Amino acid sequence: MADSMQHHKALPLAGNSAVPFFTPGVIVIAILAAAGVATLVVRLFLGLGAVTNFNDQYPWGIWIGIDVASGVALAAGGFTMAFIAHVMNNEKYHVLVRPALLTAAIGYTFVGLGVCVDLGRYYNIWHVMMPSMWQGNSALFEVGMCVMIYLTVLYIEFLPIVCERFIGRVNLPGVLGKMNGFLDGLLRVLDKTLARVMTFFIIAGVVLSCAHQSSLGTLMAIAPSKLSPLWHTPVLPLLFLLSAFAVGLAMAIFESVLASRSFKRPIEMHVLSPLARMIPLLLVVYFAAKVIDLVNRDAWPLLFEANFRALMFWIEIGVGVIIPTFLFLSHRLRRNPVWLFSSAAMVVFGVVLNRFNVFVTGYTPPYSEGQYFPAWTEVMLTVGMISLIVLLYRIWVFIFPVLPAEEEVEHA
Amino acid sequence: MVSRRDFFKITGTVAGTAALTAVGAEASAPHPKLDPDRFGVLTDTTLCIGCRRCEWACAEQNDLPHGDLESFGDTSVFDLMRRPDAESYTVVNRYSPPAGTDQPLDVKVQCLHCEHPACVSACIVGALVKSPQGPVIYDAWKCIGCRYCMIACPFQIPAYEYADPLTPRIMKCTMCSERTLAEGRPPACVEMCPPEALVFGRRSELLELAHRRIMENPDRYHPEVIGEHIAGGTSWLMITDRPAAEIDIPELSNESPAVITETIQHGIFKGFTGPLMLFGILGILMKSSSDKRKEKEDENG
Ligand code: SF4
Ligand code: SF4
Ligand code: SF4
């Protein structure tokens, strides 16, 4: 965020915190990440067939359902926090913007990577940007375009943080040292310019997010005969957007608590509790839209059939929407870090399960020879990707001023 | 922090770029007006003898891996219901004989070349195109291998070369476009078919032919031309002796699934009005909330 808007001081952890970069947990995560990268190499040399259970009946699996669709939903913290803190000018929440922005930037980078891993002809990805090949009827085109532009916007929104880190501190060794003054000047100019145009990028980021969060739902609307009526509806884009709002806030809470724990800092309850107060309303709106839609399409009797899909739907709604709504409504539980974290985690789980259901569980091709089940290598790559995200987040908060300076957390 | 002038400048730039983008998307969106004389094929399943010569001819024509013609005489493949896959654009399946006869019903399966194809509407880069002359054609060079066309096709037709790490292709019947479109010759499978269970011609004439056959032989046929309406209609038509569901044609509405997504897409993004309005609203919100904050600060300070 531009400095003019960053009233809270943030500091890099390196040199400012007693927490070491490597802990046993971090080492496990690094190993998982390495396993994921190994799977990626096998996929590149031997093809999708070698490492996945995708087939002509189930062309998409968990890489689209989790890495891409859930990834986009969980990175919604970036635009929801930008909206609350900047568009609505809610000063209090500024401390949450940078961490959410970082998660979004890393999250979307991995969504892009996840897409490329899944693409059979990934080297052709640039075709999407060629006006001669634009295909305005395709929801996937809309998603692809928006995500690419939004990723650029996120990087631009992150630039001021990089400037802040290096301004007055450019210190290249040896001959390059002559460049120090020049580079520093350049950074200052960049920082000033950014501060001026940042408004545009913040609003653009929110608009682009609304566009592709919803279009991600449009994707499966094209398969009315294949997606179970529990999930298929022409209003899928609306449902995706509404759930993205809720999960954006829940993610901001979820990751803030996790980061505080991991970096041995006090949990920022004074901002998280009021933030949590907004979630029930968002969840209720989402829930109402879902119920009205099910009744409207006469699909609700399916809910009472005894099968796996109905069960998944109930878990998605029960654990992911209904229970956390009540938990978040309680003033007392909102002020309890454990409950706050658990409730946020439920919302996150619910939205991931929803995306998983829409793209994987609910998909019933007419000529199926048995349900798709992910190969262990598919799981390994997904877990590896998530581990890489966690590692990158850690690296960035150690190097760049993302998390609020500690005194401030304690004294606020 | 945003002056009104800044705000309008910003909005103006966005509007300009968006309008250009919209025009570009509009111009390249494949919305061909279908040629009234477009081609089609009619499969009369009651004439099919299950010789599987069409399978051989198709493999030969399209450079797909295959054995010699004799090997296709093997009827043991009928024990299973097969689907077209990455190595065969078409397969013939055998169903039980109609009551009172012992002549089984054989059904050839391939892409139906929908009139408003979901696969074409879905394709992110326009690698699949509906020719105004009928065939739905694939351009591997454009394809990015996302497999969204496979998700979209209601007949579950496109197959994919999963084993190929570098240049996997979407595989499906082309209606032999290099013969039909370029030379007006019938597709290889049609030319090969001994009992003429397959007829190539103009879709409109084939539709008439199909209805005529049904009318003249009401005992022989189920009174429905498959492909006349299903999923928005298809260029490849079928007539058979039993309801479509009994030869495993999925139950679909008469509207192409593409209509749902295209309505949503165009509803929201037509001329970029939706996103632009949102941009405007957010701009105003941001301006007024920052004004309010300044007022407060002034009062306090
Ligand atoms: S049958 Fe499937 S692959 Fe063939 S044109 Fe229709 S939607 Fe496309
Ligand atoms: S796999 Fe290829 S043909 Fe199919 S939708 Fe993707 S880009 Fe288009
Ligand atoms: S029309 Fe051509 S590609 Fe299609 S099944 Fe017949 S021979 Fe094969």
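Reader: How many residues of chain B are in contact with chain A, and what makes a pair count as a contact?

Author: In this predicted model, 71 residues of chain B are in contact with 71 residues of chain A, where contact means heavy atoms within 4.5 Å. Local features need pLDDT of at least 70 and side-chain atom pairs count only at pLDDT 80 or more, while totals for chains, interfaces and linings use all residues. Residues are numbered from 1 along each chain as its sequence is written, chains are lettered from A in the order in which they are written, and side-chain values use heavy atoms, with hydrogens and water left out.

Reader: What area do chain B and chain A bury between them, and how is buried area defined?

Author: Chain B and chain A bury about 6,000 Å² between them, 63% of it on carbon and sulfur atoms; buried area is the accessible area (1.4 Å probe) that two parts lose on being put together, summed over both. Of the area that chain B buries against chain A, B:Ile151, B:Gln156 and B:Tyr162 supply 13%, more than any other three residues.

Reader: What makes A:Asp118 and B:Arg147 a salt bridge?

Author: The term requires a side-chain nitrogen of Lys or Arg within 4 Å of a carboxyl oxygen of Asp or Glu, and the side chains of A:Asp118 and B:Arg147 meet at 2.8 Å, N to O, so the pair qualifies under that definition. Between chain B and chain A the count is 2 salt bridges.

Reader: Why is A:Pro59 called buried, and which residues is A:Pro59 in contact with?

Author: Buried means under 20% relative accessible area, exposed over 50%, and partly exposed in between (1.4 Å probe, protein chains only); A:Pro59 has 0% relative accessibility and therefore counts as buried. Leaving aside neighbours within four places in sequence, A:Pro59 is in contact with A:Phe54, A:Tyr363, B:Arg147, B:Met150, B:Ile151 and B:Tyr162.

Reader: What is the disulfide count over all chains, and why is A:Cys116 called partly exposed?

Author: The count comes to 0 disulfides over all chains; for A:Cys116, the nearest cysteine sulfur, that of B:Cys146, is 12 Å away. A:Cys116 counts as partly exposed because its relative accessibility is 25%.

Notes:
Disulfide = S-S within 2.5 Å.
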